[in-house]
2 protein chains.
Amino acid sequence: MISIGELSKRTKVKVPTIRYYEEMGLLPEAERTSGNQRRYDKAGLERLSFIRHARDLGFSIEAISSLIELQDHPDRSCEAATDIASSQLSDVRTKIKRLKTLEKELSRISKGCNGEGVSEDCYVLASLADHNLCDGEHQKP
Amino acid sequence: MISIGELSKRTKVKVPTIRYYEEMGLLPEAERTSGNQRRYDKAGLERLSFIRHARDLGFSIEAISSLIELQDHPDRSCEAATDIASSQLSDVRTKIKRLKTLEKELSRISKGCNGEGVSEDCYVLASLADHNLCDGEHQKP
DNA sequence: TATAAAATCTCTAGCAACTAGAGGTTCAAG
DNA sequence: CTTGAACCTCTAGTTGCTAGAGATTTTATA
């Protein structure tokens with residue numbers, strides 16, 4: 001049985017974040033010492049690693065909740081899991097697309113001014129003021 | 001002079017968001033009718049367009065504050081503006097990089113399971129549980 | 001002009017996923 | 001047995017909004 005600090009070290013998840021995950025129901029309520037401090041076993045470590053890994057891949061807390069639910073029932077169909085993963089994948093792809101558009105536009109704007117003049121003549125500021133100076137679309141989704 | 005609703009329609013910024021921008025100091029306090037409703041002129045419309053455009057490009061409220069400050073002083077050096085823009089550009093590039101890593105990993109994981117089995121055998125879940133099943137790094141920044 | 005509907009006002013609270021800090025208790029080493 | 005590190009709970013803050021309540025004002029129609 002290890003303390004929350006030790007668990008934190010091993011998983012690289014901060015202590016308050018671990019407590020937050022518990023509050024959100026991602027982690028079951030930890031066992032406690034007589035003095036009310038949390039203690040974790042191997043199962044706790046593995047679950048937190050799972051969560052951490054999923055968070056690193058950008059899954060939301062809610063999605064992770066569902067994934068854990070499935071993991072806890074080995075006999076259920078895993079369709080929901082693959083659905084969650086592919087929806088996450090398409091989210092990521094959408095974000096990449098949008099960011100690439102932004103990158104293009106930002107780099108074009110940036111190149112327009114070297115920062116040596118005054119703001120009156122600044123192409124960066126002018127571009128923001130006047131959408132007509134823009135190439136493409138960059139609406140929010 | 002136009003109402004906040006009209007301004008909202010023209011700029012595609014929602015009414016509560018306009019009020020929020022005012023509260024944050026991005027927009028100056030609007031003139032009011034005798035009945036205390038906000039009225040905007042051309043300058044207000046232009047400023048909000050500027051903000052909206054900058055937000056679309058992903059600039060933070062704080063960054064936009066600085067940009068507006070510069071825009072209001074045409075004689076100042078625009079170095080800060082170009083700095084802000086290029087820092088935003090590099091932020092965007094960093095995000096793209098990270099998302100591409102995620103995309104690779106997610107697509108690899110997704111392909112590993114067609115969702116027709118049970119969760120015990122699901123490659124998606126197994127990958128999340130065991131980091132060794134991963135290719136690369138996908139740490140948070 | 002009267003009335004009703006639409007728009008506006010302020011205020012508070014909520015979202016995601018944490019992070020920071022206060023003030024107090026417990027654990028582990030020496 | 002002391003002391004200092006680690007832990008506890010609780011509240012509030014972060015970012016950029018969005019939603020809703022309850023009250024008032026404006027505008028369009030009868």
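This is a predicted model: local features need pLDDT of at least 70, side-chain atom pairs count only at pLDDT 80 or more; totals for chains, interfaces and linings use all residues.

**The tyrosine pairs**

Modeller: Tyr20(A) is partly exposed, with a relative accessible area of 39%; buried means under 20%, exposed over 50%, and partly exposed in between, using a 1.4 Å probe and protein chains only. Residues are numbered from 1 along each chain as its sequence is written, chains are lettered from A and ligands numbered from 1 in written order, and side-chain values use heavy atoms, leaving out hydrogens and water.

Now the rings. Over all chains, the structure holds 2 aromatic pairs. In one, the ring centres of Tyr20(A) and Tyr21(A) are 6.0 Å apart and their planes sit at 45°, so the pair is tilted. Rings of Phe, Tyr and Trp (its six-membered ring) pair if their centres lie within 6.5 Å, with planes under 30 degrees apart called stacked, over 60 edge-to-face, and the rest tilted.

Over in chain B, Tyr20(B) and Tyr21(B) have ring centres 6.0 Å apart and planes at 50°, so that pair is tilted. Tyr20(B) is partly exposed at 39%, while Tyr21(B) counts as buried at 8%.

As for confidence, chain A has a mean pLDDT (the predictor's confidence in each residue, from 0 to 100) of 93, and 93% of its residues reach 70 or more.
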